[in-house]
Amino acid sequence: MAELERSLSLWQLTLMSVGIILGAGIYVIIGEAVGLSGNFIWLSFIISASVAMLTAFSYAELSSRFPKAGAEYVYVENSFGDIMAWIVAWLLLAGSIVGGATVAMGFAQYFSALFNTPVFHVALVLLFIIGLILVIGVRQTSKITILFTAIEIIGLLIVILIGIPYIGSINYFEAAHGFKGIIEAGALIFFGYIGFEGITRLAEETKNPEKNIPKAIMYSMIITTIIYILVGISAVSVVSWDELSMAQAPLALVAEKVFGEQSFIILSFIALFSTFNTALMMLLTGSRLVYGVAQQQAIPKVFALVGNRFRTPWIAITFIVFVAMLFLFVGDLKTIANLTNFTIFAVFIVINASVIYFRYKKPTNSGFKAPFSVGKFPVIPFLGIITSLFMIANLTYGVIILGLFLIIIGFLVDLILNLKYK
């Protein structure tokens, strides 16, 4: 059987991670977020980044120990067994598919605003194009992602530069709905950090993955957090938080306030690149998860087939893109973003618990280690569990119920199919 091609370097992996993180979250979700946090948006970003960073250390340690495309499935299977590994994979797959479909709809809405095209059909065509790109190869995908990431960063730097003359013109300690709103905004903003964990599923296409994946995770988290905080401060400095919260294209509105309608169009075009990039990376990492789980013989082996010409898992790619197309009728972005967040928070709890398990049951002196331990007990993964539980508690009851329902469906699928294709 053909194998995946190892072609990704550290800088390519880092930029791909930055690309998926700096996506729909900052270009779309920031409007909803400031409606909850007000001018305290910068603190919401710090809270969200802190939660993500705690678990980023755990991902870095586990990816160094198990450099496999199955990533989370492999980590959890080796710690808590097949059933828990399947539930984790199920939640991640749901997050990738629903998130990818939702961001595709976000792309289509921007496109429709510019060209007056039907939203659904544009989203459908976009997913089809993404599927073709993914089948052609990860090297080509990385080139597109790096180009689009550069465009994304330019757009965000424009927003930051626009805001510099306005820094200090407002009260940055004005909260829209008190501390509760700041926390809720942090939970919502977390959608903007989703992605750093996805690059662990590119381990079998990365050069020296044991060292490069942990480094790429850390580098991308630092870069994006700095950019996010500066963008948040700049945005509320130029446009009032209540006006931003009502805007369909909040960052484009910031540019329009200073430079006029032409800048709105420019920022909207940049948002197209951003949302395209995010959808591309979500479905790329989701397809590698399907491939990796099939490698572990938890689902039919056909999903692990790699094409001889392009050396990509074309069946896994076709499957995940097709299912994403079915989700184009999903509801509003805020609800779906938070549902995606629920799946990630739940996975983070298990991932952090896995690090604690390995430190006690299967210790090793090789590879990356999350810092700060009391004896054998790793402090950072424990804090990752506590903060993830805290963030889930600050989601709406409706989202929590939907998330629990999703977990129950995962258990039922495991029970009915028994997932023993060997």
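Author: Start with helix packing. An axis is a line fitted to the C-alpha atoms, for helices over the stretch in contact, and the angle between two axes runs from 0 to 180 degrees between N-to-C directions. Keep in mind that this is a predicted model.

Reader: At what angle do helix H9 and helix H11 pack, and how far apart are their axes?

Author: Helix H9 covers residues 209–238 and helix H11 covers residues 250–259. They pack at an angle of about 50°, and their axes are 10 Å apart. Angles under 35 degrees count as roughly parallel and those from 65 to 115 as roughly perpendicular. H9 and H11 are therefore oblique to each other. Their crossing is left-handed.

Reader: Which residues make the contact between H9 and H11?

Author: On the H9 side they are Val-231, Ala-235 and Val-238. H11 contributes Leu-251, Val-254, Lys-257 and Val-258. Sorted by class, the contact has six nonpolar residues, no polar ones and one charged one.

Reader: How do H12 and helix H13 cross?

Author: The axes of H12 and H13, the latter spanning residues 314–326, come within 8 Å and cross at roughly 125°. H12 and H13 are therefore oblique to each other, and H12 passes H13 in a right-handed crossing.

Reader: Which residues meet there?

Author: From H12 come Leu-283, Gly-286, Ser-287, Arg-288, Val-290 and Tyr-291. They meet Ala-316, Ile-317, Phe-319, Ile-320, Val-321 and Ala-324 of H13. This contact has nine nonpolar, two polar and one charged residues.

Reader: What describes a pair of aromatic rings?

Author: The distance of the centres and the angle of the planes describe such a pair. The structure holds 23 aromatic pairs. Take Phe-40 and Phe-173: their ring centres are 5.5 Å apart and their planes are at 80°, so the pair is edge-to-face.

Reader: Where do Phe-40 and Phe-173 lie?

Author: Phe-40 is in the loop between helix H2 (24–37) and helix H3 (41–65). Phe-173 is in the loop between helix H7 (138–163) and helix H8 (178–189). The pair therefore ties together parts that are 133 residues apart in sequence.

Reader: Which residues form an aromatic cluster?

Author: One aromatic cluster is formed by Tyr-59, Phe-66, Tyr-75, Phe-80, Phe-190, Phe-345, Phe-348, Tyr-357 and Phe-358. After H4 comes Gly-81, with a positive phi near 95°.

Reader: Which residues other than glycine have a positive phi?

Author: Asn-208 and Phe-372 are two cases. Phi of Asn-208 is near 50°, and Asn-208 lies in the loop between H8 and H9. With 41% relative accessibility, Asn-208 counts as partly exposed. Phe-372 has a phi of about 70° and is found in the loop between helix H14 (333–361) and strand E1 (373–374). At 61% relative accessibility, Phe-372 counts as exposed.

Reader: What is Phe-276 in contact with, leaving aside its neighbours within four places in sequence?

Author: Phe-276 is found in helix H12, residues 261–295. Its relative accessible area is 10%, so Phe-276 is buried. With those neighbours left aside, Phe-276 is in contact with Phe-107, Leu-126, Ile-129, Ile-130, Ile-133, Ile-144 and Phe-148. Phe-276 and Phe-173 are 103 residues apart along the chain, and their C-alpha atoms are separated by 34 Å.

Reader: Where is Glu-256 found?

Author: Glu-256 is found in helix H11. Its relative accessible area is 29%, so Glu-256 is partly exposed. Leaving aside neighbours within four places in sequence, Glu-256 is in contact with Glu-261, Ser-263 and Phe-264. The C-alpha atoms of Glu-256 and Leu-267 are separated by 8.9 Å, and the two residues are 11 residues apart along the chain.

Technical notes
Residues are numbered from 1 along each chain as its sequence is written. This is a predicted model: local features need pLDDT of at least 70, side-chain atom pairs count only at pLDDT 80 or more; totals for chains, interfaces and linings use all residues. Side-chain values use heavy atoms; hydrogens and water are left out. Helices (H or I, at least four residues) and strands (E, at least two) are DSSP runs, numbered from the N terminus. Angles under 35 degrees count as roughly parallel, over 145 as roughly antiparallel, 65 to 115 as roughly perpendicular and the rest as oblique. A crossing is left-handed if the near helix is turned anticlockwise from the far one by less than a right angle, and right-handed if clockwise. Contact means heavy atoms within 4.5 Å. Ala, Val, Leu, Ile, Met, Phe, Trp, Tyr, Cys and Pro count as nonpolar, Asp, Glu, Lys and Arg as charged, and the others, Gly among them, as polar. Rings of Phe, Tyr and Trp (its six-membered ring) pair if their centres lie within 6.5 Å; planes under 30 degrees apart count as stacked, over 60 as edge-to-face and the rest as tilted. Buried means under 20% relative accessible area, exposed over 50%, partly exposed in between (1.4 Å probe, protein chains only).
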